[in-house]
Amino acid sequence: MDIEGLLQSVIRFSNFMTSRLIVAGVFFYVLAGFTEIGSVSTGFLPNLDLVKEVVGNYQTIFDILGVSDFALLLILFVFLTAIHITHVAFDRIGAYLPPAITPLSGWDAIDDLIYPAFDVLRDARGVEHSDEENQRLFEFDKKLREIDAANETKYRDELEGVDVAFRISKAFVLFAALIWIYAMVTGTYSGNLNMLLVIFGVAMVVALYSAFRIYRAHSLRIAELRAQISSRFIGFSRIWAPVEHQELVLTACVPSKDLMSAKFEIMVPIFGNYQNLKQEFARWRQKRERKKTEGI
């Protein structure tokens with residue numbers, strides 16, 4: 001039995017449920033300030049007699065139906081589903097709240113290195129290329145793409161939790177702000193308004209910290225990828241090209257432009273981001289103008 005794998009699975013499941021319980025717990029805590037549950041003097045916790053009455057009613061129904069075990073499992077399933085849906089809703093809302101952080105793709109980060117270096121390697125062999133040499137360059141290019149894909153996967157897995165925290169914290173910032181404004185205007189919130197400000201402040205801190213972590217991680221990702229690709233090119237040139245071309249490969253491996261490892265964007269449902277929406281709208285206008293011209 002793979003004990004280490006089992007422990008990792010338990011840890012992942014624990015993290016999976018913990019994040020959902022926190023999100024759902026805060027959400028329902030805030031809603032409890034608008035909904036009177038039991039005795040108001042007991043705070044967030046409902047009145048004990050009310051709980052006993054609800055449980056007794058359910059138990060009576062279960063006893064009559066004779067499916068108490070199944071019903072209990074059904075309630076547990078509904079409870080977990082409600083928590084998961086709340087978590088997913090905050091995650092999805094946060095994904096489209098500005099600003100969204102879009103990382104630079106690995107291949108775009110090394111295109112100023114790849115193409116000049118490959119040109120040097122081709123020139124090193126002169127105008128004549130054998131099929132074997134072309135195949136070797138093709139395999140080398142394929143290996144570089146595998147390195148890029150592995151690098152992307154590595155950092156995507158490392159940042160999965162941070163990305164979720166960033167999206168949910170943005171949603172909580174909006175949620176807390178809207179609830180606080182609504183509570184101040186209507187005066188129907190019976191909970192602690194200061195707690196809403198605490199939620200807003202914590203969400204802001206988490207959003208800023210997550211954004212910093214994401215930017216920092218992607219900067220390291222780009223630097224690591226360029227180092228790996230440069231090392232491959234330098235090693236390959238030593239067995240492929242003469243000395244003068246090796247020096248040209250070294251020059252090509254030096255960054256020729258400043259790279260932004262990630263950038264802020266405004267995301268738009270269906271279209272992806274705001275830039276895609278503008279391009280689609282421009283195409284729609286051109287198509288409309290073309291139809292008008294043809295009609296005339």
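Predicted model: local features only at pLDDT ≥ 70, side-chain atom pairs only at ≥ 80, totals over all residues.

Trainee: Fine. How many helices and strands are there in the protein chain?

Mentor: The protein chain has ten helices and four strands. Read from the N terminus, the order is α-α-α-β-α-α-α-α-α-α-β-β-β-α.

Trainee: And what share of the residues counts as buried?

Mentor: The figure is 28% of the 296 residues. The protein chain exposes about 19600 Å², and 64% of that area comes from carbon and sulfur atoms.

Trainee: What about contacts between residues 24 or more positions apart?

Mentor: Among contacts with a separation of 6 or more, those pairs account for 79%.

Trainee: Let's look at helix 9. Which of its residues are buried?

Mentor: His245, Val249 and Ala252 are the buried ones to look at in helix 9. Viewed down the helix axis, the buried residues fall within an arc of 60 degrees, so they line one face.

Trainee: Which exposed residues sit on the face turned away from the buried side of helix 9?

Mentor: Val243 and Thr251 are there.

Trainee: Then what covers the buried residues of helix 9?

Mentor: The cover includes helix 5 and helix 8. Helix 8 spans residues 193–240.

Trainee: Start with helix 5. At what angle do the axes of helix 5 and helix 9 cross?

Mentor: They cross at roughly 175 degrees and come within 9 Å. Helix 5 covers residues 111–124 and helix 9 covers residues 243–252. An angle over 145 degrees counts as roughly antiparallel, and helix 5 and helix 9 are therefore roughly antiparallel to each other.

Trainee: Which residues meet there, in helix 5 and helix 9?

Mentor: From helix 5 there are Asp112, Leu113, Pro116, Ala117, Val120, Leu121, Asp123 and Ala124, and from helix 9 His245, Leu248, Val249 and Ala252. By class, this contact has nine nonpolar, one polar and two charged residues.

Trainee: And helix 8, how do its axis and that of helix 9 cross?

Mentor: The axes of helix 8 and helix 9 cross at roughly 170 degrees and come within 9 Å. That makes helix 8 roughly antiparallel to helix 9. Phe233, Ile234, Ser237 and Arg238 in helix 8 touch Gln246, Val249 and Leu250 in helix 9. The residues of that contact are four nonpolar, two polar and one charged.

Trainee: New topic: His218. Is His218 buried or exposed?

Mentor: His218 is part of helix 8. Its relative accessible area is 8%, which is under the 20% cut-off, so His218 counts as buried. Beyond neighbours within four places in sequence, His218 contacts Pro103, Leu159 and Ser261.

Trainee: I also clicked on Glu152. Where is Glu152 found?

Mentor: Glu152 is in helix 6, residues 131–158. With neighbours within four places left aside, Glu152 contacts Leu104, Ser105, Gly106 and Arg221.

Trainee: Last one. What kind of peptide bond joins Pro98 and Pro99?

Mentor: A cis peptide bond, with omega at about 0 degrees. Pro99 lies in the loop between helix 3 (68–95) and strand 1 (100–103).

Conventions: Residues numbered from 1 in each chain as written. Heavy atoms only, no water. Axes fitted to C-alpha atoms, helices over the stretch in contact; angles between N-to-C directions. Helix = DSSP H or I, 4+ residues; strand = E, 2+ residues; numbered from the N terminus. Parallel < 35°, antiparallel > 145°, perpendicular 65-115°, else oblique. Contact = heavy atoms within 4.5 Å. Nonpolar A, V, L, I, M, F, W, Y, C, P; charged D, E, K, R; others polar. Buried < 20%, exposed > 50% of the residue type's maximum accessible area, 1.4 Å probe, protein only. Areas by Shrake-Rupley, 256 points an atom, 1.4 Å probe, with all protein chains shown as cover. Arc of directions from axis to C-beta.
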